[in-house]
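Here is a short walk through one structure. Look at it first, then read on.

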Amino acid sequence: MLSLYLTLIDTEEDKLRFTDLYERYRHLMFYVAQDILKDEHLAEDAVQEAFLRIAKNFHKVGEINCPRTRNFSVIIVRNTAITIADKRNSLVDLNTHTENDVFTGAEDVFETVSGKLLTEGILELPEIYRDPLYLHHIYGYTLSEVSGLMNIPVETAKKRVQRARGMLKKWLEKEGYQHE
């Protein structure tokens, strides 16, 4: 399978880096997918699909052996596994929040809050909102790219990022941070 992914990578240096990423994180990714899907074959499918998505966006991956890349890999495989589980079960509705959950004015919070406080707040968010927010604001992916990586419509990615910002703003206010 690795050779298929490498055909999507342009330079020899990036092919070596992708191979390193593949060898370093494939077991972790399988574990995450297996935990969600409870099926070895479906977990393998999720890992393969996740690596395909990573290969297509590999130009945005920086250092391989770092928490940022590890988290990125886990986010991608987790969302791929959730998509497979949803298709399999057709029972999970991931859009349970109403329009009242969307807040405005949260965009400026990212510019004025300390990194540690912001990270702590982001970790408090539910995964469904945390992952798109991480991909968009921390990793710098466009909403269109987030949509492709998470296999969700662009509008859903946009809405989840908006809701995450609003939840984060409320959490920060609860923690005593006052945004002007």
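Begin with Arg 78 and Asp 131: both are buried. Buried means under 20% relative accessible area, exposed means over 50%, and partly exposed lies in between (1.4 Å probe, protein chains only). The two residues form a salt bridge, with their closest N and O atoms 2.6 Å apart. This pair links distant parts of the chain, as Arg 78 sits in helix α4 (residues 67-89) and Asp 131 in helix α7, 53 residues away. A salt bridge here is a side-chain nitrogen of Lys or Arg within 4 Å of a carboxyl oxygen of Asp or Glu. Helices (H or I, at least four residues) and strands (E, at least two) are DSSP runs, numbered from the N terminus.

This is a predicted model: local features need pLDDT of at least 70, side-chain atom pairs count only at pLDDT 80 or more, and totals for chains, interfaces and linings use all residues. Residues are numbered from 1 along each chain as its sequence is written, and side-chain values use heavy atoms, leaving out hydrogens and water.

Stay with α7. Arg 130 meets Glu 127 in a salt bridge (3.8 Å, N to O). They are 3 residues apart in this helix, so about one helical turn separates them. Arg 130 is buried, at 15% relative accessible area. Glu 127 is partly exposed, at 35%. Arg 78, Glu 127, Arg 130 and Asp 131 are linked in a network of salt bridges.

Now turn to helix α2 (residues 12-37). There Asp 14 pairs with Arg 17 in a salt bridge, the closest N and O atoms being 3.0 Å apart. In total, the structure holds 10 salt bridges.
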